[in-house]
Amino acid sequence: MKTLNFKHAVEKLGCKVEKYVYGYNFRSVFASKDNQLWYFHIEDLRDEHPFVYRRTVKSLEDYTGGSNINDVEYLLENLGYKIKENRKQKYDFNSF
């Protein structure tokens with residue numbers, strides 16, 4: 001199975017990345033597909049298997065949006081991909 005970083009994984013799902021958020025031990029992507037705006041999120045990168053989800057949103061500032069859908073990893077697996085988000089910035093390496 002091939003690995004992709006989070007941003008490229010969202011693109012592999014056929015989405016156009018509109019905004020990328022490089023946060024404190026997390027990453028988020030706002031992306032569009034078929035006239036629908038989506039919010040993708042990968043939680044705490046300090047975890048061995050961080051939780052990944054997506055939900056519909058109305059704008060690039062809508063962090064609440066619809067209900068969480070946790071099928072991102074499953075959809076990617078069906079395409080032969082797996083997310084591997086490297087922790088790059090020094091604040092990604094702090095401990096619990």
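Predicted model: local features only at pLDDT ≥ 70, side-chain atom pairs only at ≥ 80, totals over all residues.
Visitor: What share of the 96 residues in the protein chain is buried?

Guide: Buried residues account for 39% of them.

Visitor: How many helices and strands does the protein chain have, and in what order do they run?

Guide: Helices (H or I, at least four residues) and strands (E, at least two) are DSSP runs, numbered from the N terminus. The protein chain has 2 helices and 6 strands. Starting at the N terminus, the order is β-α-β-β-β-β-α-β.

Visitor: How many aromatic pairs are there?

Guide: Rings of Phe, Tyr and Trp (its six-membered ring) pair if their centres lie within 6.5 Å; planes under 30 degrees apart are stacked, over 60 edge-to-face, the rest tilted. The structure holds 6 aromatic pairs. One of them joins Y39 and Y53; this pair is tilted, with 6.5 Å centre to centre and 55 degrees between the planes.

Visitor: Which parts does the pair of Y39 and Y53 tie together?

Guide: Y39 belongs to strand 4 (residues 36-42) and Y53 to strand 5 (residues 52-57), so the pair links parts that are 14 residues apart in sequence.

Visitor: What kind of aromatic pair do Y39 and Y63 form?

Guide: Y39 and Y63 form an edge-to-face pair, at 5.6 Å centre to centre and 75 degrees between the planes. Y63 lies in the loop between strand 5 and helix 2 (72-79), while Y39 is in strand 4, so this pair ties together parts 24 residues apart in sequence. Y63 is partly exposed, with a relative accessible area of 37%.

Visitor: Which residues form one aromatic cluster?

Guide: The cluster consists of F30, Y39, F51, Y53 and Y63.

Visitor: What radius of gyration does the protein chain have?

Guide: The radius is taken over C-alpha atoms, and the globule rule is 2.2 Å times the number of residues to the power 0.38. For 96 residues, a compact globule would be near 12 Å; the protein chain has 13 Å, which agrees. Along its principal axes, the C-alpha trace spans about 40 × 30 × 20 Å.

Key. Residues numbered from 1 in each chain as written. Heavy atoms only, no water. Buried < 20%, exposed > 50% of the residue type's maximum accessible area, 1.4 Å probe, protein only.
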